[in-house]
Amino acid sequence: MHEREFRAFVSIAEIGRMDEAAKALDYSQPAISYQIKCLEQSLGVRLFTRDSTGTQLTKAGRAILPSARAVLALIDDMKDACAAA
C-alpha cells in the first residue's frame, strides 16, 4: 500500500466522483482508477461501488476510511517534521 493510493481513496470518498478526485489530485482518471484497483487488490475487498452518478463507499470502504485518514495525517506530520529539521 502506498501514500498515493490512500490519497486517491480518501479524495474519492470525500468528493464522490473519480473524475473530480482525479482533477483535485492532478491525476488522470485512469491513474486514479489504477490506484484504487491496487489498493483494493492489496486489501482483498471492493472499496467503492461505481455507477453513472459517481462512487459510493462499500461497507469495507466506510470501515477503513478513518484509518486511511489517520495514515495520511501521520505521513503529513512526518513530512512536516522533516521539512522543519
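**Figure 1. The right-handed crossing of α1 and α2.** In this predicted model, the two helices pack with their axes 8 Å apart and at an angle of about 125 degrees. The pair α1 and α2 is therefore classed as oblique.

**Figure 2. Residues at the contact of α1 with α2.** From α1, the residues taking part are R7, A8, S11, I12 and I15. Their partners in α2 are M18, E20, A21, A24 and L25. Sorted by class, this contact holds seven nonpolar residues, two charged residues and one polar residue.

**Figure 3. G16 in the loop between α1 and α2.** This loop joins α1, residues 3-15, to α2, residues 18-25. G16 has a relative accessible area of 18%; buried means under 20%, so G16 is buried. Apart from neighbours within four places in sequence, G16 contacts S11, G54 and T55. S11 is also one of the α1 residues that meet α2. Between the C-alpha atoms of G16 and D76 the distance is 23 Å, and the two residues are 60 apart in sequence.

**Figure 4. T58 in the loop between β2 and α4.** T58 counts as buried because its relative accessibility is 16%, and the cut-off for buried is under 20%. With neighbours within four places in sequence set aside, the contacts of T58 are R46, L47, F48 and T49.

How values were computed:
Residues are numbered from 1 along each chain as its sequence is written. This is a predicted model: local features need pLDDT of at least 70, side-chain atom pairs count only at pLDDT 80 or more; totals for chains, interfaces and linings use all residues. Side-chain values use heavy atoms; hydrogens and water are left out. Helices (H or I, at least four residues) and strands (E, at least two) are DSSP runs, numbered from the N terminus. Buried means under 20% relative accessible area, exposed over 50%, partly exposed in between (1.4 Å probe, protein chains only). Contact means heavy atoms within 4.5 Å. Axes are lines fitted to C-alpha atoms, for helices over the stretch in contact, and angles run from 0 to 180 degrees between N-to-C directions. Angles under 35 degrees count as roughly parallel, over 145 as roughly antiparallel, 65 to 115 as roughly perpendicular and the rest as oblique. A crossing is left-handed if the near helix is turned anticlockwise from the far one by less than a right angle, and right-handed if clockwise. Ala, Val, Leu, Ile, Met, Phe, Trp, Tyr, Cys and Pro count as nonpolar, Asp, Glu, Lys and Arg as charged, and the others, Gly among them, as polar.
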